[in-house]
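The exercises below concern one protein chain. Work through each task with the sequence and the structure open, then compare with the solution.

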Amino acid sequence: MSDLTLYEVIGLVVPGLFVCILVLWAVGVIRVFRQRRVLRYTDRFRAEELTGRVRQLKVRGYEEQAIQLVQHELGMPARKARSWVKSI
């Protein structure tokens, strides 16, 4: 088995870190785009909390209740609420 030199280790670690940072950035961008429509109606913290509750309802099969929750919490029109819930 050959020992890795410092340059070989750096050659492996730097691209790996770059890929990890790129993936984290992409996840953040996707998260912001999904919340973009909700941020018109409320602040960021409340939008993240509402997004989590909507995801829980959708996982359990209660998509209509999730739509009603969004309409009730934010006063969002029915078509926009339905579209936003389906996008999550």
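**Exercise 1. The nonpolar core**

Which of the 14 residues in the largest nonpolar core touch the most other members?

Solution. The model is predicted, so local features need pLDDT of at least 70 and side-chain atom pairs count only at pLDDT 80 or more, while totals for chains, interfaces and linings use all residues. Residues are numbered from 1 along each chain as its sequence is written, and side-chain values use heavy atoms, with hydrogens and water left out.

Step 1. Buried means under 20% relative accessible area, exposed means over 50%, and partly exposed is in between (1.4 Å probe, protein chains only).

Step 2. The members of the 14-residue core that touch the most others are Val38, Leu50, Val54, Val70, Trp84 and Val85.

Step 3. Two or more residues of this core come from each of α2, α3 and α4. The largest share, five residues, is that of α3. Helices here are DSSP runs (H or I, at least four residues), and strands are runs of E of at least two, numbered from the N terminus.

**Exercise 2. Helix pairs**

Describe how α1 packs against α4 and against α2, and how α2 packs against α4.

Solution. Step 1. Two packed helices are described by the angle between their axes and the distance between the axes. Axes are lines fitted to C-alpha atoms, for helices over the stretch in contact, and angles run from 0 to 180 degrees between N-to-C directions. Angles under 35 degrees count as roughly parallel, over 145 as roughly antiparallel, 65 to 115 as roughly perpendicular and the rest as oblique.

Step 1. For α1 and α4, the axes come within 10 Å and cross at roughly 160°. The two helices are therefore roughly antiparallel. Arg34, Gln35, Arg37 and Val38 of α1 make the contact with Lys80, Ser83, Trp84 and Ser87 of α4; contact means heavy atoms within 4.5 Å.

Step 2. For α1 and α2, the angle is about 105° and the axes are 10 Å apart. This pair is therefore roughly perpendicular. Among the contacting residues are Arg31 and Leu39 of α1, and Arg44 and Ala47 of α2.

Step 3. For α2 and α4, the axes come within 10 Å and cross at roughly 75°, which makes α2 roughly perpendicular to α4. Thr51, Val54 and Lys58 of α2 meet Trp84, Val85 and Lys86 of α4.

**Exercise 3. Two single residues**

Solution. Step 1. Thr51 lies in helix α2 and is buried, with a relative accessible area of 4%. Its contacts, leaving aside neighbours within four places in sequence, are Gln35, Trp84 and Ile88.

Step 1. Glu73 lies in helix α3 and is partly exposed at 26% relative accessibility.

Step 2. Glu73 and Leu50 are 23 residues apart along the chain, and their C-alpha atoms are separated by 8.5 Å.

Notes. Core = buried A, V, L, I, M, F, W, Y, C linked by side-chain atoms within 4.5 Å.
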